[in-house]
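The sequence and structure come first.

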Amino acid sequence: MKVIDNFLPKEQFEKLRDVCLSNYFPYYYIRTVNDNQKESDKKMFYFIHFFYKNGRGSSSEWYPMLHEILLKKITYDFLIRAKANCYPRSDKKITHPKHLDYKSPTKGLILSLNTCNGATILENGKEVKSVANRALFFNPSKPHASTNCTDQHARFNINVNYI
């Protein structure tokens, strides 16, 4: 695990953030946060936007921007997935069930787009808080969990899985 604050140059980060938090950026409703959640638990849902998903290639008109601003900054042999996440706020902070992004060994990057009291909780229990322009490099094939937030409209981040 590695955390890097101010990961992107300010202007590039602001461009990426402003697009992903605009009124015109499409997010899609997902009724469960991960496969370990009971579908009957309606308190846990989120919205996603796929920039890229293996097998579908570049699936977003914003993929070139993501590639230019973020993906060029990391070294990878194979991009598996890149998506934006939007976890809506609630009156109570909810820790989602632990999950694996993929069972096979992969690498992961979570870039926080806004500062809020949400977090990513790693296998060892370490909580990495959501701070705008903070990059978390971690092993997403190990159990980890996400949270929503209570102090902003939503928690926004970009999640990249790669080899």
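Strand β7 (residues 119-121) runs antiparallel to β10 and is joined to it by two bridges. I121 has A145 of β10 as its bridge partner. Strands here are DSSP runs of E with at least two residues, helices are runs of H or I with at least four residues, and both are numbered from the N terminus. Two strands count as paired if DSSP finds at least two bridges between them.

## Basis and overall make-up

The model is predicted, and local features need pLDDT of at least 70, side-chain atom pairs count only at pLDDT 80 or more, while totals for chains, interfaces and linings use all residues. Residues are numbered from 1 along each chain as its sequence is written, and side-chain values use heavy atoms, with hydrogens and water left out.

The protein has two helices and eleven strands, arranged from the N terminus as β-α-β-β-β-α-β-β-β-β-β-β-β. Of its 163 residues, 50% are buried. Buried means under 20% relative accessible area, exposed over 50%, and partly exposed in between, with a 1.4 Å probe and protein chains only. The accessible surface amounts to about 8,700 Å², and carbon and sulfur atoms hold 50% of it; areas come from the Shrake-Rupley method with a 1.4 Å probe, and for residues only the protein chains shown count as cover. Among contacts (heavy atoms within 4.5 Å) between residues at least 6 apart in sequence, 75% join residues at least 24 apart.

## Buried strands and their partners

Strand β5 (residues 79-88) has nine of its ten residues buried, so it is largely enclosed by the rest of the structure. On pairing, β5 is joined to β11 by nine antiparallel bridges, with Y87 opposite R155 in β11. β5 also pairs with β3 in the antiparallel sense, over six bridges; K53 has R81 of β5 as its bridge partner.

In β6, five of the six residues are buried, so this strand too is largely enclosed by the rest of the structure. Six bridges link β6 with strand β11 (residues 154-162) in the antiparallel sense, and S112 is partnered by N157 of β11. Strand β9 (residues 135-138) runs antiparallel to β6 and is joined to it by four bridges. There, the bridge partner of G108 is F138 in β9.

## Helix α2 and L66

L66 belongs to helix α2 (residues 63-69) and is buried, at 0% relative accessibility. Leaving out residues up to four places away in sequence, L66 touches L16, F51, L71, A82 and I158. L16 is 50 residues from L66 along the chain, and their C-alpha atoms are separated by 7.3 Å.

## Aromatic pairs

Eleven aromatic pairs are found in the structure. Rings of Phe, Tyr and Trp (its six-membered ring) pair if their centres lie within 6.5 Å; planes under 30 degrees apart count as stacked, over 60 as edge-to-face and the rest as tilted. The ring centres of Y29 and F45 are 5.8 Å apart with planes at 50°, so this pair is tilted. Y29 lies in strand β2 (residues 28-30) and F45 in the loop between β2 and β3 (46-53), so the pair ties together parts that are 16 residues apart in sequence.

Y29 is exposed, with a relative accessible area of 51%, whereas F45 is partly exposed at 29% relative accessibility. F45 also pairs with F47: their ring centres are 5.9 Å apart and the planes stand at 85°, so that pair is edge-to-face. F47 is partly exposed, at 24% relative accessibility. Elsewhere, F25, Y27, F51, W62 and F156 form one aromatic cluster.

One cavity of 30 Å³ or more is found in a search of the whole structure. The largest cavity has a volume of about 40 Å³. A cavity is a set of points, on a 1 Å grid over the protein atoms alone, where a 1.4 Å probe fits but cannot get out; lining residues have an atom within 4 Å of a point. Grid points are joined across faces, edges and corners, and the volume is the space filled by probe spheres set on the points.

The lining of the largest cavity consists of I110, S112, T120, V128, K129, S130, R134, L136 and R155. At least two of the lining residues come from each of β6 (107-112) and β8.

Conventions
1 Å grid on protein atoms, 1.4 Å probe; cavity = no way out; pocket = protein on both sides within 12 Å on 5 of 7 lines; lining within 4 Å.
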